[in-house]
Amino acid sequence: MNETIIYRIKNQYNQIDFLLKGLPEAFIKKRVRAQKWSIHENLAHLGRYQEIYIERIDAILKNNSPSFERYTSELDPSFHTWIPLTTETIIEKTKQDRRVIYERLVLMNEIQLEREGVHPKLRQMNISEWTEFFLLHETHHFYTIFWLTQEFGD
């Protein structure tokens with residue numbers, strides 16, 4: 001797998017410590033914009049979506065080109081089990097799962113990395129492409145979280 005993707009899988013989520021530094025839990029859980037997720041809800045989504053990514057990679061490794069539905073948090077009962085967790089618990093669980101992902105990906109051979117699954121919009125993607133998609137999705141939420149942090153103190 002591409003060295004940059006491996007580096008990002010190993011390190012990207014750790015940026016959350018920098019983004020949240022000094023923010024109180026009450027602000028992290030507050031919906032700054034009424035119809036938009038709080039920082040906490042974004043983190044719960046990322047934690048749950050990481051579990052979905054793991055499930056999809058497992059399915060790709062076990063099945064011949066499986067198809068997946070588009071993921072929607074609001075329709076996922078497991079997403080709602082993440083919301084009551086403390087922010088600290090969400091972050092720690094996500095970091096633990098990320099270490100598992102990293103360890104699995106670095107041990108995959110080229111044949112495994114080329115196995116494919118079908119996304120409803122993006123179509124056929126191999127494991128490397130699914131991983132890039134996963135990382136870009138996470139980056140999008142980090143961008144959102146960054147802007148939400150700018151509302152602290154207003």
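This is a predicted model: local features need pLDDT of at least 70, side-chain atom pairs count only at pLDDT 80 or more; totals for chains, interfaces and linings use all residues.
User: At what angle do helix α4 and helix α6 pack?

Analyst: Residues are numbered from 1 along each chain as its sequence is written, and side-chain values use heavy atoms, leaving out hydrogens and water. The axes of α4 (residues 39–62) and α6 (residues 87–107) are 10 Å apart, where helices are DSSP runs of H or I with at least four residues, strands are runs of E with at least two, and both are numbered from the N terminus. With axes fitted to C-alpha atoms over the stretch in contact, and angles from 0 to 180 degrees between N-to-C directions, the two helices pack at about 25°.

User: Is α4 roughly parallel or antiparallel to α6?

Analyst: Angles under 35 degrees count as roughly parallel, over 145 as roughly antiparallel, 65 to 115 as roughly perpendicular and the rest as oblique. The packing angle here is about 25°, so α4 and α6 are roughly parallel.

User: Which residues of α6 make the contact with α4?

Analyst: Contact means heavy atoms within 4.5 Å. On the α4 side, H40, L43, A44, G47, Q50, E51, Y53, I54, D58 and L61 take part. Their partners on α6 are T87, I90, I91, K93, T94, D97, R98, I101, R104 and L105.

User: What is the phi of S65?

Analyst: S65 sits in the loop between α4 and α5 (77–82) and is partly exposed, at 25% relative accessible area. Although S65 is not a glycine, its phi is positive, at about 50°.

User: How far apart are the C-alpha atoms of T131 and I9?

Analyst: T131 belongs to helix α8 (residues 127–149) and is buried, with a relative accessible area of 0%. Beyond residues up to four places away in sequence, T131 touches M1, I5, I9, Y53 and L105. T131 and I9 are 122 residues apart along the chain, yet their C-alpha atoms are separated by 8.2 Å.

Conventions: Buried means under 20% relative accessible area, exposed over 50%, partly exposed in between (1.4 Å probe, protein chains only).
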